Amino acid sequence: MNKHFIYGFKASLPACMGVIPVGISFGLLAIQTGLTAFEACFMSATVMAGSSQLLALGLLQQGAGFPTIVLGTFFINLRHLVMSASVFHHLLNIPLVYRMLGAFGVCDESFAVYSLSGQRSFQFLVGSNTALYVSFLASTILGTVMTDFLPQVVIHSFNIAFYAALISLLIPAIKNRLPLMALVLGTAILNALLQTFLPGSWSILIAMVMGAFVGMIVIDEPAEKERT
Amino acid sequence: MNRSLITLILFMAIVTYIPRALPAVLVGRLKFSEKQKKFLSLIPYTAMAALIFPGILKVDESRPEIGLIGGFVAVILSMLRCPVIVCVGAAILINILLYSFF
């Protein structure tokens, strides 16, 4: 198998630890909401976006109509549009069919691993997507069959994994680069301010676009640190 | 099996896939200016910033310190060049300790 694929797969393993608790809690909650195990796994396999799936369960429980749920899903996941554009503007030479397949697996975690590792290889992206997809689906299955054989404390404690993975991918990419650190801090603060009056899914999208826009104008150094 | 629920899931899958696929499809036909490339290359940093904060405070809605301390551990360890897996493991461990003893 291609070495870039394996490299991407391995590089994503820490991020998988962030995905697993999301998959497990989704699986558990889906069963509690009244979905069958098949429906829960089908959703993880086809949608593959944890936060929107949890939102869908919440809305189902409150008896929301299907259009509301579909619209909510769309807006929560709209941020992937910008992430996907950021990924694929390096991958012009990859055939369209492959790009369309690769796009299916673009999620917060695979985007973080791919873009912050300085890799520009499509196989790396697919390797990363595969690792995250498999662990999300497997952990959903686990969640649906798991009643209470893991102590609650351990499940709760795994919730930090998503953030810890993002932080430890981000820090090496920005440390010693003051303008980027300032941009990251500024965007975080902007997002916190926006969330006082906007739902999280909107504020994240707006903050990341506005942050990058301001950075584009203000920051002089090229953002790409070329690594070979 | 509930057929309307399967339909709902399929619609969710479609509206999630479209934003992911659109740039992948169009990117061959678009020419990005230097400014636009710079904008796109800054997205990873701003996206991570927005995903991490203030969401990390809500890891446990009733105890914001759970997220803060776990995140702090991850920051320190990654500053010390620890591999990602170590940072994640340490953050989980510190949260297990926090839940067990405080």
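Is Glu65(B) buried, partly exposed or exposed? Glu65(B) is partly exposed, with a relative accessible area of 32%, where buried means under 20% relative accessible area, exposed over 50%, and partly exposed in between (1.4 Å probe, protein chains only). The model is predicted, so local features need pLDDT of at least 70 and side-chain atom pairs count only at pLDDT 80 or more, whereas totals for chains, interfaces and linings use all residues. Residues are numbered from 1 along each chain as its sequence is written, chains are lettered from A and ligands numbered from 1 in the order in which they are written, and side-chain values use heavy atoms, with hydrogens and water left out.

Glu65(B) takes part in a salt bridge with Arg63(B), at 2.9 Å from N to O. A salt bridge here is a side-chain nitrogen of Lys or Arg within 4 Å of a carboxyl oxygen of Asp or Glu. Arg63(B), with a relative accessible area of 19%, is buried.

Over all chains, the structure holds three salt bridges. In another of them, Lys37(B) pairs with Glu34(B), the closest N and O atoms lying 3.7 Å apart. These two residues are separated by about one helical turn, because they stand three residues apart in helix 2 (residues 34-52) of chain B; helices are DSSP runs (H or I, at least four residues), numbered from the N terminus. Lys37(B) is partly exposed at 34% relative accessible area, while Glu34(B) is exposed at 62%.

In chain A, Asp108(A) forms a salt bridge with Arg79(A), with 2.8 Å between the closest N and O atoms. This pair joins distant parts of the chain, 29 residues apart: Asp108(A) belongs to helix 8 (residues 108-116) and Arg79(A) to helix 6 (residues 79-88). Both Asp108(A) and Arg79(A) are buried.

The two chains also meet each other. Contact, meaning heavy atoms within 4.5 Å, involves 89 residues from chain A and 66 residues from chain B. Together the chains bury about 6900 Å², 79% of it on carbon and sulfur atoms; buried area is the accessible area (1.4 Å probe) that two parts lose on being put together, summed over both. Ile160(A), Tyr163(A) and Met216(A) supply 9% of the area that chain A buries against chain B, more than any other three residues. Helix 11 (residues 160-174) of chain A gives the largest share of the side of chain A that touches chain B, 13 residues. Across this interface the rule finds zero salt bridges.
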